[in-house]
Amino acid sequence: MSSRARLSDEQLDELLGLIKGADTVELKLTVPDADQRSTIAALGMDPLQAQIRQVFFFDTPDLKLYEAGIVPRARRVQGKGDDSVVKLRPVVPEELPPKERKSINLGVEVDAMPGGYVCSASMKGIPPDDVRTITLGGGPIRKLFTKEQRAFFEAHGPDGISLDDLSILGPINVFKLRFKPKDHDQRLVAELWMYPDNSRILELSTKCLPRAALQVAAETRLYLKKMGVDVTGEQQTKTKTALRYFARHLAASAD
């Protein structure tokens, strides 16, 4: 969907229904490459305060999992250790199995960006084994996911594909900065994704509870516009860009 498109009445009704069933809402905006430096300066971001992360995705070379709406991912996080997630999207919160919905490790979130939205369910966990060791060839991929995450994957993933069948897509190096802009009540997060071809995606985001989503969205949009940040540019998705990049790389290597 074009980032400049307006939501129809039906889409707005659907979005409000998804928000009611979600745990959190994350409002996102990607900044055009030409505007990234000016945006960093306008919002007073200090790059030296950013946290370094490495993100690994797992899929088949032809991205069968992504096409089926399921994304396994593992991360190395500076100063915090490793984590992993199996993300399912799109979902309707009320249609998730009760046992999964009640899990303390499952988060249901609506991601909203200019002109679009998606609701996802993320089963989170701490990898049983070290992410760096496994991704360097030290063991099966399933060792990066807990028993609960593996069950979630098996319940929602395509038939005939196991975690150990997947290719490693990554890593992507990410700089993540949490900051409080001047004259704005809502904390923001900036993520700069650095792709191996030297392209970059800068995403600004903020999270809130569902009941506050509309107010936070309006206030944040007005603030960013006041600070000269383009809120109408074409939006990019970090995950899709990463998966497609590494899938092309795998195909080229095979050829």
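By the rule used here, the count comes to eight salt bridges. Keep in mind as you read that this is a predicted model.

1. Start with Asp-111 and Lys-28, whose side chains meet in a salt bridge at 3.3 Å, N to O. This pair links distant parts of the chain: Asp-111 belongs to strand E5 (residues 106-113) and Lys-28 to strand E1 (residues 24-31), 83 residues apart. Are the two partners buried or exposed? Asp-111 counts as buried because its relative accessibility is 2%, under the 20% cut-off. Lys-28 has 18%, so Lys-28 counts as buried too.

2. Next, have a look at Arg-200 and Asp-33, another salt bridge, with 3.4 Å from N to O. Here again distant parts of the chain are linked: Arg-200 sits in strand E9 (residues 200-208), while Asp-33 is in the loop between E1 and helix H2 (36-42), 167 residues apart. Arg-200 is partly exposed, with a relative accessible area of 33%, and Asp-33 counts as partly exposed at 46%.

3. Arg-75 and Asp-83 also pair up, with their side chains meeting in a salt bridge at 2.7 Å, N to O. Arg-75 has 18% relative accessibility, so Arg-75 counts as buried. Asp-83 is buried as well, with a relative accessible area of 19%. As background, side chains of opposite charge can pair when their charged atoms come close.

4. Arg-73 deserves a separate point. Its place is in strand E3 (residues 70-77), and Arg-73 is buried, with a relative accessible area of 18%. Which residues does Arg-73 contact, leaving aside its neighbours within four places in sequence? They are Val-55, Phe-56, Phe-57, Phe-58, Ser-84, Val-85 and Phe-145. As for Asp-35, 38 residues away along the chain, its C-alpha atom is separated from that of Arg-73 by 29 Å.

5. Arg-187 counts as partly exposed, at 48% relative accessibility.

6. There is a patch of negative charge on the surface too, where Asp-9, Glu-10, Asp-13 and Glu-14 gather. Asp-13 lies in helix H1 (residues 9-21). With 58% relative accessibility, Asp-13 is over the 50% cut-off and therefore counts as exposed.

7. Now for the backbone. Where are the cis peptide bonds to look at? One runs from Arg-89 to Pro-90, with omega near 0°, and Pro-90 is in the loop between strand E4 (81-88) and helix H4 (98-101). Another joins Gly-170 and Pro-171, with omega about 10°; Pro-171 lies in strand E7.

8. Last, two phi values. Asp-183 has phi near 65°, which is positive in a residue other than glycine. Asp-183 is in the loop between E7 and E8, and is exposed, with a relative accessible area of 62%. For Asn-198, phi is near 75°, again a positive value in a non-glycine residue. Asn-198 has its place in the loop between E8 and E9, and with a relative accessible area of 69% Asn-198 is exposed.

Definitions and conventions
Residues are numbered from 1 along each chain as its sequence is written. This is a predicted model: local features need pLDDT of at least 70, side-chain atom pairs count only at pLDDT 80 or more; totals for chains, interfaces and linings use all residues. Side-chain values use heavy atoms; hydrogens and water are left out. Buried means under 20% relative accessible area, exposed over 50%, partly exposed in between (1.4 Å probe, protein chains only). Patches are made of residues with over 30% relative accessible area and no salt bridge: like charges are joined within 9 Å, nonpolar side chains (Val, Leu, Ile, Met, Phe, Trp, Tyr) within 5 Å. Accessible areas come from the Shrake-Rupley method with a 1.4 Å probe; for residues, only the protein chains shown count as cover. A salt bridge is a side-chain nitrogen of Lys or Arg within 4 Å of a carboxyl oxygen of Asp or Glu. Lys and Arg count as positive and Asp and Glu as negative; His and the chain ends are not counted. The place of a charge is taken as NZ of Lys, CZ of Arg, CG of Asp or CD of Glu. Helices (H or I, at least four residues) and strands (E, at least two) are DSSP runs, numbered from the N terminus. Contact means heavy atoms within 4.5 Å.
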